[in-house]
Amino acid sequence: MRVSKRASGAIALGAAFALVASGCSSSDGEGGDPATSADGAITVDGTEPENPLVPSNTTETGGGKIIDWMWTGLVEYPNNGGAPQNALAESIDTTDSKVYKIKIKQNTKFHDGTVVKAKNFVDAWNWGAYSPNGAQNSSFFSDIEGFADVNTADPDGPEGPQKAPEPKAKEMSGLKVVDDWNFEVTLSAPTAVFPTKLGYSTFMPLPDAFFAGSAEEFGKKPIGNGPVKFVSWENNVSIKLTRFDDYQLRDKMKIKDVNIKISQEDTAAYSDLVSGNIDFMQQVPVAALAGDKWKSDLGDRAISSVTPSTGIIAFPIYDKRFTNPKLRRAISLSINRQEITDKIFFGNRKPADSWANPLTPGAAPGNCTACQFNVDEAKKLLAEAGGFTGELVMYYNADASHKEWMEAVAQQVKTNLGINARAEGVPTFAVFRQNINAHKMKGAYRAGWQQDYPDVENWVNPLYVTGGSSNDGLYSNPQVDALAKEASSAPSLDASHAKFAEAVKLIDQDVPSMPIYFGGQQSGHSEKIKKMELTNVGELDITSVEL
């Protein structure tokens, strides 16, 4: 889930990041009819969110996309991949990269009509960080002074899950409300990338109404502060949003209504796109790529783009069968990524050769030696690891086009290593993610990553640091943790990126997951849409749509 919008005006700190353009698109250069757009509606393809829609507890793209649309944060990321820009922030000032003084724009509103104030950020961040609340994104607040006092880890051990000790405090000492429009953030150490992270959805503000009831109930009828507001949610059928007419920032809606149709199977959604029953699909099925069928079907409504995302297969390291890094490396080396991208994706993906997508600032290309195809070395490592007994199941969610490439990977592992490997689909993404979060996966599993904000830090800390928000396989290496901590608190971005590179070298030896391909995106829209743009991560920028 990512917050990515069109914007202008540099962030106050002048952080100069450049992300290789991921693709902005429009069907023509003239745009639509303002009168038609003003009261118009679109229907887009979507997936059932894993959880109720609370920003700090949403880690997947189905729910994250909706949060991106419903909220506006301090910072936003331009569609063309340029430097982060101020959004709700009037200014973000620091002299030492440790203490940040943040001023927000005055008198903007939440969808319930209440005013967005500094305390709505501070209260939201404290709630997200407080471990008894169980927010999946709590680790993103770990830079802030006092995080350790509000967030305690479950002391799970040989005897099974144990209850985490009660935190020492309920609020982080590093957050201070100055007045209605100003707050101060003190970090535990200088962190140059901190302002870049503030566009990620976990840093969104929450209205007072959130704290008056339960997070679960709020998430079923969420109240944001973005250009669209919530209307209704029928589980596994649709989510309806409508324009928030009191929205005062850039990127106001040109259309009125957005309906997210929850699809159970992407080929059916594609048929709806071709026939005009839905107006946008972010990724057409793999079957439509053969012979460029999707281009023939859609014509000038076909959109090709490159996004900072990677297709990954992860290991459940909590399963004793996968604790040996030699075994994990052997499996990875037995996979011919070039063949997968050529034969399954018809050249519309690129074989992954690095741990962070190379479109990301600070990412080094070619640093995944475990991504190389080397059957002889794979067999040698498998023997050194003592082989693999039993069946190796590789799981994927069956409601999107993952069957073909996951089956191809399993067949390669079986052919090249003699392991009894096969791919198995889980019916829905929601159930698939529930099993992953509950640490109940009984084999390797699909675990792609789409960057949250443009920095290599986002490809290390959430995925590979102990306790990271998306470290679902429970990988842990104290040396990686130490290097990542040094990198996060480095005095400059260059120094930070250099330290993360050291951490990645260790990750490459441990192989906690297997990068398989770099994302290329094939989207499509209906004839109704006359003009539109994609965000820097390939989502539909709903504020750009004209009919």
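Colleague: Phe345 and Tyr517: buried or exposed?
Modeller: Both are buried. Keep in mind that this is a predicted model.

Colleague: What kind of aromatic pair do Phe345 and Tyr517 form?
Modeller: A tilted one. The ring centres are 4.8 Å apart, and the planes make an angle of 55 degrees.

Colleague: Where in the chain do the two partners sit?
Modeller: Phe345 is in the loop between helix H11 (337-344) and strand E13 (350-351). Tyr517 belongs to strand E18. The pair links distant parts of the chain, 172 residues apart.

Colleague: How many aromatic pairs does the structure hold?
Modeller: 20. Another of them is Phe140 with Tyr200, also tilted, at 4.7 Å centre to centre and 50 degrees between the planes.

Colleague: Which loops do Phe140 and Tyr200 come from?
Modeller: Phe140 comes from the loop between helix H3 (118-129) and helix H4 (147-150). Tyr200 comes from the loop between H5 and helix H6 (208-212). They are 60 residues apart, so this pair too links distant parts of the chain. Phe140 and Tyr200 are both buried.

Colleague: Which residues form the aromatic cluster?
Modeller: Tyr100, Phe121, Trp125, Phe141, Phe183, Phe194 and Phe203 form one cluster.

Colleague: New topic. Where does Thr191 lie?
Modeller: In the loop between strand E7 (182-186) and helix H5 (194-197).

Colleague: Why do you count Thr191 as buried?
Modeller: Because its relative accessible area is 3%, and buried means under 20%.

Colleague: What does the Thr191 side chain reach?
Modeller: The backbone oxygen of Ala189, at 3.0 Å.

Colleague: And which residues does Thr191 touch, leaving out those up to four places away in sequence?
Modeller: Ser97, Tyr100, Asp143, Ser488 and Ser489. Tyr100 is also a member of the aromatic cluster.

Colleague: How does the lining of the second largest pocket split by class?
Modeller: There are 9 polar, 4 nonpolar and 2 charged residues. Gly counts as polar here, and Gly519 and Gly520 are among the residues closest to the centre.

Key:
Residues are numbered from 1 along each chain as its sequence is written. This is a predicted model: local features need pLDDT of at least 70, side-chain atom pairs count only at pLDDT 80 or more; totals for chains, interfaces and linings use all residues. Side-chain values use heavy atoms; hydrogens and water are left out. On a 1 Å grid over the protein atoms alone, a cavity is a set of points where a 1.4 Å probe fits but cannot get out, and a pocket is an open set with protein on both sides within 12 Å along at least five of seven lines; lining residues have an atom within 4 Å of a point. Helices (H or I, at least four residues) and strands (E, at least two) are DSSP runs, numbered from the N terminus. Buried means under 20% relative accessible area, exposed over 50%, partly exposed in between (1.4 Å probe, protein chains only). A polar contact is a pair of N or O atoms within 3.5 Å; within protein, one must be able to donate a hydrogen and the other to accept it, and residues adjacent in sequence count only if both atoms are side-chain atoms. Contact means heavy atoms within 4.5 Å. Rings of Phe, Tyr and Trp (its six-membered ring) pair if their centres lie within 6.5 Å; planes under 30 degrees apart count as stacked, over 60 as edge-to-face and the rest as tilted.
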